[in-house]
Amino acid sequence: MTDSKYSVEVRDLDLHFGEVKVLQKLNINIHQGEFLVLLGSSGCGKSTLLNCIAGLLEITDGQIFINGRNVTWHEPSERGIGMVFQSYALYPQMTVEGNLSFGLKNARVPKDEVAKRVKRAAEILQIEPLLKRKPGALSGGQRQRVAIGRALVRDVDVFLFDEPLSNLDAKLRTDLRVELKRLHQQLKNTMIYVTHDQVEAMTLADRIAVMKGGKIMQLGSPDEIYNRPQNLYVADFIGSPSMNFLEGMYQDNAIRVGDLTLPMDGYEYVNGGAKAGPATIGIRPEHVVTGELVDRAPVHARVTVDLVEPMGSDTLVYGDLAGKQLRIRMDGQARVRPGDDLPIGIDPSRASLFDNESTARL
Amino acid sequence: MADVGSLNTAAVAGNTVEARGPKPKKRLSRNNIILYGTLIVVSVYYLLPLYVMIVTSLKGMPEIRVGNIFAPPLEITFEPWVKAWAEACTGINCDGLSRGFWNSVQILIPSVALSILIASVNGYALANWKFKGSELFFTILIIGAFIPYQTMIYPIVIILREIGLMGDLAGLVLVHTVFGMPILTLLFRNHFAALPVDLFKAARVDGAGFWGIYFRVLVPMSLPIFVVAMILQVTGIWNDFLFGVIYTKPETYPMTVQLNNIVNSVQGIKEYNVNMAATLLTGLVPLVIYFVSGKLFVRGIAAGAVKG
């Protein structure tokens with residue numbers, strides 16, 4: 001109980017399946033009441049990490065602390081966690097009430113206490129009318145709510161979510177996402193949430209851990225991850241449509257891409273700044289300005305439009321800049337046609353500069 | 001030449017109705033005739049012997065001697081059935097098949113219950129609680145299914161003799177339980193392995209242990225597979241002759257062995273009606289199991305567990 005400012009601590013975690021090293025020397029500290037999202041494409045080890053924290057996978061090396069208690073050798077049920085699965089994993093032969101109380105009965109919680117907790121969870125999740133039904137008679141959204149309820153009744157400090165919304169249709173997913181966020185604000189528990197959906201990650205998280213190949217590529221707030229990605233992978237992975245990458249030569253606080261020079265005035269260098277040599281500049285599609293805003297941007301250029309994707313709220317324009325494709329996010333009301341010559345403005349201080357060799361942010 | 005096209009269509013359809021809605025099907029098409037013709041021939045081929053058996057078992061011996069085996073009985077008599085059940089002689093006993101029936105029941109119930117109980121736990125452990133060497137253990141068990149029974153007959157005789165169960169019903173129960181293991185374990189392992197692993201994980205987070213998960217989560221949703229296993233075992237054990245004749249003695253002969261002794265007795269005249277009745281009586285149990293348990297093959301028992 002020495003260091004209780006962290007809710008969950010993972011120290012030097014190794015997990016190997018035979019020869020395959022899924023997680024290597026992984027360290028992460030999660031604060032009390034934090035909503036942490038593990039984000040990555042499939043096979044990056046995010047679900048594996050969650051299963052290790054839950055105790056459902058035997059780890060190869062390392063330690064896991066929950067609330068300052070070393071739970072490395074504890075059973076999942078002894079770790080003080082509740083878990084929600086992508087496939088809901090409700091017990092099909094039990095009623096909703098049975099599903100909610102199963103864990104409590106196993107823990108030999110007194111009957112009136114079980115009833116009290118089930119009632120409270122059902123109230124929070126608004127599933128009271130469903131308590132006597134079996135999972136087969138519920139819709140997908142209702143099932144996932146019951147699954148969340150099953151974690152809720154356990155009265156634990158840490159909630160683990162394994163892609164809980166991936167099986168729901170788009171509309172329901174958005175609704176439940178908001179509900180989850182509200183639930184977190186209400187309960188203030190620590191939540192660890194695995195997803196491959198960056199919108200879920202951005203909207204829900206206090207901090208996001210972007211993972212790749214069993215390693216954490218960047219750990220930071222959604223704002224940091226989005227605006228100051230620490231490497232090319234994170235920059236490319238976050239944002240849809242993804243960031244424009246223009247390769248060029250860096251020299252004297254400016255990068256030259258083709259015959260276009262982008263002065264990096266106002267750019268906040270990290271990792272000791274940049275040396276002269278090949279580098280890549282990353283520009284978010286929405287940071288390329290058009291219309292009257294062009295005059296205020298430090299760099300001006302013209303692109304030839306070759307494809308337009310209207311999406312209602314905004315319009316995505318594909319153009320050609322210095323021989324490279326450039327994606328530009330414009331207002332949904334903008335009227336652009338392929339072949340148009342479009343004046344654009346770029347503010348390099350909002351861009352990201354990466355070293356070509358190490359792919360790290362400069 | 002659009003006229004020719006429409007003329008053709010009209011000629012084929014027999015009228016000039018425009019195509020709309022479901023396409024009309026011809027009932028007496030060539031495909032249907034072949035399909036139903038084959039089905040009828042095959043059913044007659046399989047049902048005819050059964051018909052002959054039932055008819056013969058209801059006739060008296062004089063009527064059988066006339067020789068019209070397909071003719072329905074002129075005078076229905078249940079005497080052959082009574083004789084087969086209670087009076088037919090097998091060896092020194094003359095109390096019919098009833099003795100064998102009760103022996104078989106005493107063999108069947110514990111063998112089926114024990115083998116399914118053990119094999120389901122085996123399969124569950126092998127599917128969900130992988131331990132070091134569990135795959136090897138499983139492979140060895142499966143290889144057991146491919147070894148011919150005949151090679152094991154004599155070793156089992158010695159084993160049963162040494163543990164004092166030779167000729168005892170308990171010995172035969174033991175043999176049936178052991179021999180049911182490979183195929184049943186395979187059946188249950190594959191079934192449990194196909195269940196969503198999240199369910200197992202959720203139960204672990206909920207604090208259920210090995211037996212808790214087995215009895216309270218997995219077994220309730222696995223009724224169909226238990227029914228399948230039961231059908232397999234009941235038919236297999238009830239119809240067994242080899243083990244029954246080797247590991248028992250006349251007082252403990254199962255029904256199949258007794259049936260053989262009745263039908264194949266070389267003394268006196270052949271009582272075809274009694275033989276037929278005895279055979280039908282012996283086949284009744286698996287038949288009833290099929291009819292009763294058919295209803296239990298409920299699909300979608302696992303519905304609602306996962307995304308649906």
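Biologist: Which residues of E8(A) point one way, and which the other way?

Modeller: In this predicted model, A:Thr190, A:Ile192 and A:Val194 point one way from E8(A), while A:Met191, A:Tyr193 and A:Thr195 point the other way. In a regular strand the side chains alternate between the two faces of the sheet.

Biologist: Are those residues buried or exposed?

Modeller: All of them are buried. Because six of the six residues of E8(A) are buried, the strand is largely enclosed by the rest of the structure.

Biologist: What does E8(A) pair with in the parallel sense over five bridges?

Modeller: Strand E7 (residues 158–162) of chain A pairs with E8(A), which covers residues 190–195, in that way. Within this pair, A:Phe159 stands opposite A:Met191, and A:Asp162 stands opposite A:Val194.

Biologist: How does the chain get from E7(A) to E8(A)?

Modeller: The chain crosses through helix H5 (residues 170–187) of chain A, and this β-α-β crossover is right-handed.

Biologist: And which strand do five bridges join to E8(A), with E3 in mind?

Modeller: Strand E3 (residues 35–39) of chain A is joined to E8(A) by five bridges, and the two run parallel. There, A:Leu36 has A:Ile192 as its bridge partner.

Biologist: What is the order of the strands in the open sheet?

Modeller: The six strands follow the order E6-E7-E8-E3-E9-E10 in chain A, with mixed pairing. Strand E6 (81–84) and strand E10 (215–220) of chain A stand at the edges with a single partner strand each, so one side of each has no neighbour in the sheet. Neighbouring strands of this sheet are turned by 15° against each other on average, direction ignored.

Biologist: Stepping back, how many helices and strands does chain A have?

Modeller: Chain A has eight helices and 20 strands. Of its 362 residues, 43% count as buried. The C-alpha atoms of chain A fill a box of roughly 75 × 45 × 35 Å along the principal axes.

Biologist: New topic: how many residues of chain B are in contact with chain A?

Modeller: There are 20 residues of chain B in contact with 24 residues of chain A. Helix H9 (197–205) and helix H10 (210–218) of chain B each supply at least two residues of that side of chain B. The largest share, six residues, comes from H9(B). By class, this side of chain B has 12 nonpolar, three polar and five charged residues.

Biologist: Which residues of H11(B) are buried?

Modeller: They are B:Ile225, B:Ala229, B:Gln233, B:Val234, B:Ile237 and B:Trp238.

Key. Residues numbered from 1 in each chain as written. Chains lettered and ligands numbered in written order. Predicted model: local features only at pLDDT ≥ 70, side-chain atom pairs only at ≥ 80, totals over all residues. Contact = placed C-beta atoms within 7 Å. Helix = DSSP H or I, 4+ residues; strand = E, 2+ residues; numbered from the N terminus. Nonpolar A, V, L, I, M, F, W, Y, C, P; charged D, E, K, R; others polar. Buried ≥ 20, exposed ≤ 12 C-beta atoms within 10 Å, placed from the backbone. Pairing = 2+ DSSP bridges. Axes fitted to C-alpha atoms, helices over the stretch in contact; angles between N-to-C directions. Right-handed = clockwise from strand over helix to strand, strands pointing away.
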